[in-house]
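Student: Please take me through this structure, one feature at a time. I would like the general idea before each case.

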Amino acid sequence: GGCFPCPQEGCPMMGHYADRFPEKLKKEDQKYFLNTAADEPFATWRQKVLIKLSGVKKTRGDINLVFYDTLGHAKEYEIANGDLSQDEVYTKYLDVEVNPKNTTKIEFLWNKAIFPLLWARLGAESVSIIHGADG
């Protein structure tokens, strides 16, 4: 946790998702980050997110989670986008950049892609976040 907070564009990561930081190849003496816990299980920063929706049967848009920590840092992660249905459970593995031990709040965000005359209501019936030896 001594290297955080990361710059606005994020920390160039090693391992999973390293390809998300193409700008790192243009820099000399680039620092890379690998999120680990201080104790076992070391993969604490890897989290498996499962979201089951409630509300409308089907719609278009995207679902994001925002992680907040005790120091006031926040990081938003996209979980799903496109056609969304309350019949599905949306699952995603995240390598979070907010220390799980310091997380104070996780916010559910839904953004509609289209705006019909009647605003539909959509929420999360359940949000499960699992961390451990294999995320």
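The dialogue below goes from confidence to strands, salt bridges and the core.

Student: What kind of model is this, and how are its residues numbered?
Tutor: This is a predicted model, in which local features need pLDDT of at least 70, side-chain atom pairs count only at pLDDT 80 or more, and totals for chains, interfaces and linings use all residues. Residues are numbered from 1 along each chain as its sequence is written, and side-chain values use heavy atoms, with hydrogens and water left out.

Student: What is the mean pLDDT of the chain, and where is confidence lowest and highest?
Tutor: pLDDT is the predictor's confidence in each residue, from 0 to 100. The chain has a mean of 75, with 66% of its residues at 70 or more. Confidence is lowest in strand β6 (residues 122–131), with a mean of 77, and highest in strand β3 (residues 74–85), with 89.

Student: How many helices and strands does the chain have?
Tutor: Both are DSSP runs numbered from the N terminus: helices are H or I, at least four residues, and strands are E, at least two. Here there are 0 helices and 6 strands, in the order β-β-β-β-β-β from the N terminus.

Student: How do I read burial?
Tutor: Buried means under 20% relative accessible area, exposed over 50%, and partly exposed in between, with a 1.4 Å probe and protein chains only. Of the 135 residues in the chain, 36% are buried. In strand β2 (residues 58–69), 9 of the 12 residues are buried, so β2 is largely enclosed by the rest of the structure.

Student: Which way do β2 and β3 run, and how many bridges join them?
Tutor: Two strands pair if DSSP finds at least two bridges between them. β2 and β3 run antiparallel and are joined by 11 bridges. They form a hairpin with 4 residues between the strands, and G72 in the turn has a positive phi of about 90°.

Student: How many salt bridges does the search find?
Tutor: A salt bridge is a side-chain nitrogen of Lys or Arg within 4 Å of a carboxyl oxygen of Asp or Glu. The search of the whole structure finds 2. In one, D87 joins K57, with the closest N and O atoms 2.9 Å apart. That pair links distant parts of the chain, 30 residues apart: D87 is in the loop between β3 and β4 (89–95), and K57 is in the loop between β1 (46–55) and β2.

Student: And the other one?
Tutor: The side chains of D83 and R60 form a salt bridge at 2.9 Å, N to O. D83 is in strand β3 and R60 in strand β2, so the pair ties together parts 23 residues apart in sequence. D83 counts as exposed because its relative accessibility is 56%, while R60, at 39%, counts as partly exposed.

Student: Which residues have the most contacts inside the largest nonpolar core?
Tutor: In soluble globular proteins, nonpolar side chains tend to be buried together. A nonpolar core is a set of buried Ala, Val, Leu, Ile, Met, Phe, Trp, Tyr and Cys residues joined through side-chain atoms within 4.5 Å. The largest one here has 16 residues, and those with the most contacts inside it are I51, I63, F67, I79, L84, Y90 and L94. The elements giving two or more residues to this core are β1, β2, β3 and β4. Its largest share, 4 residues, comes from β3.
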